[in-house]
Amino acid sequence: MPLDRTKLHQGFKTYLENAEKASGKTYDDFAKVLARSGLANHGDLRSHLMEQTGLGHGHANAVVAIWLKFNEAGAAKPAKKAAAKKKK
């Protein structure tokens with residue numbers, strides 16, 4: 001389902017429009033990259049999007065925030081963390 005841009009705050013609309021202009025890609029292109037990544041953490045998603053699309057930190061950050069908020073399926077389920085956080 002396409003993103004309903006009328007539900008976006010004006011600041012996010014502007015960031016998204018500028019990200020699309022800067023990269024030549026659409027929100028749907030960004031959403032596919034994020035959905036296929038298998039990542040769930042905002043920072044990891046942002047870094048992945050920056051690597052895959054050439055977006056800068058600010059644009060990628062805004063796109064990920066939009067995607068996490070409006071993606072029907074939500075972010076990919078986070079991988080279980082290794083036993084690094086064992087209860088003592």
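The largest nonpolar core in this predicted model has 16 residues, and the residues with the most contacts inside that core are Leu16, Tyr27, Phe30, Leu34, Leu49, Leu55 and Val63. If we ask which elements give two or more residues to the core, they are α1, spanning 10-23, α2, spanning 27-37, α3, spanning 42-53, and α4, spanning 57-70. The largest share comes from α4, which gives five residues.

As a general background remark, nonpolar side chains in soluble globular proteins tend to be buried together.

Next, how do α2 and α4 meet? Their axes come within 10 Å and cross at roughly 75 degrees, and since an angle of 65 to 115 degrees counts as roughly perpendicular, α2 is therefore roughly perpendicular to α4. On the α2 side the contact is made by Tyr27, Phe30, Ala31, Leu34 and Ala35, and on the α4 side by Val63, Val64, Ile66 and Trp67. By class, this contact of α2 with α4 has nine nonpolar residues, with no polar and no charged ones.

Finally, I would like to turn to the loop between α3 and α4, where Gly54 is found. Is Gly54 buried or exposed? With a relative accessible area of 62%, Gly54 is exposed, and its C-alpha atom is separated by 9.0 Å from that of Ala22, a residue 32 residues apart from Gly54 along the chain.

Note on methods:
Residues numbered from 1 in each chain as written. Predicted model: local features only at pLDDT ≥ 70, side-chain atom pairs only at ≥ 80, totals over all residues. Heavy atoms only, no water. Core = buried A, V, L, I, M, F, W, Y, C linked by side-chain atoms within 4.5 Å. Buried < 20%, exposed > 50% of the residue type's maximum accessible area, 1.4 Å probe, protein only. Helix = DSSP H or I, 4+ residues; strand = E, 2+ residues; numbered from the N terminus. Axes fitted to C-alpha atoms, helices over the stretch in contact; angles between N-to-C directions. Parallel < 35°, antiparallel > 145°, perpendicular 65-115°, else oblique. Contact = heavy atoms within 4.5 Å. Nonpolar A, V, L, I, M, F, W, Y, C, P; charged D, E, K, R; others polar.
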